[in-house]
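I opened this notebook to keep track of what I looked up in one model, entry by entry. Sequence and structure come first, and my notes come after.

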Amino acid sequence: MALSLFLSLLLLFGIGGIFFLWFAYDRRGTREHHRRYQTVFHCVRCGHLYGSTGRPRQADCPACGLANIPLRF
Ligand SMILES: [Zn+2]
């Protein structure tokens with residue numbers, strides 16, 4: 001009786017630990033992705049290439065100030 005209870009608790013904590021690690025690493029990966037993700041823009045007026053973090057729909061060119069849409073590959 002005690003052995004089966006011990007094994008059940010061991011299995012429960014093992015599965016719980018795996019789910020905890022899965023959740024923690026998934027959250028960390030999502031944060032890293034958002035921090036590293038960079039959208040590339042090409043200015044149609046002056047030809048300057050620049051980037052912006054995140055996924056903005058448009059960003060102003062640092063050289064001439066024109067708002068451009070992101071490059072699509
Ligand atoms: Zn420009």
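The entries below go from confidence to domains and then to the strands.

Entry on confidence. I am working with a predicted model, and I looked up its confidence before anything else. The chain has a mean pLDDT of 90, with 99% of its residues at 70 or more.

Entry on domains. I noted that the chain is divided into domain 1, covering 1–36, and domain 2, covering 38–73. Taken over C-alpha atoms, the centres of domain 1 and domain 2 are separated by 41 Å.

I looked up how strand E1 (residues 38–42) and strand E2 (residues 49–53) are arranged, and they pair in the antiparallel sense over 5 bridges. Going through the partners in E2, I found Gln 38 bridged to Thr 53 and Thr 39 bridged to Ser 52. The two strands E1 and E2 form a hairpin with 6 residues between them, and in its turn I recorded a positive phi of about 80° for Gly 47.

Conventions: Residues numbered from 1 in each chain as written. Predicted model: local features only at pLDDT ≥ 70, side-chain atom pairs only at ≥ 80, totals over all residues. pLDDT = per-residue confidence, 0-100. Pairing = 2+ DSSP bridges. Helix = DSSP H or I, 4+ residues; strand = E, 2+ residues; numbered from the N terminus. Domains from an automatic or database assignment.
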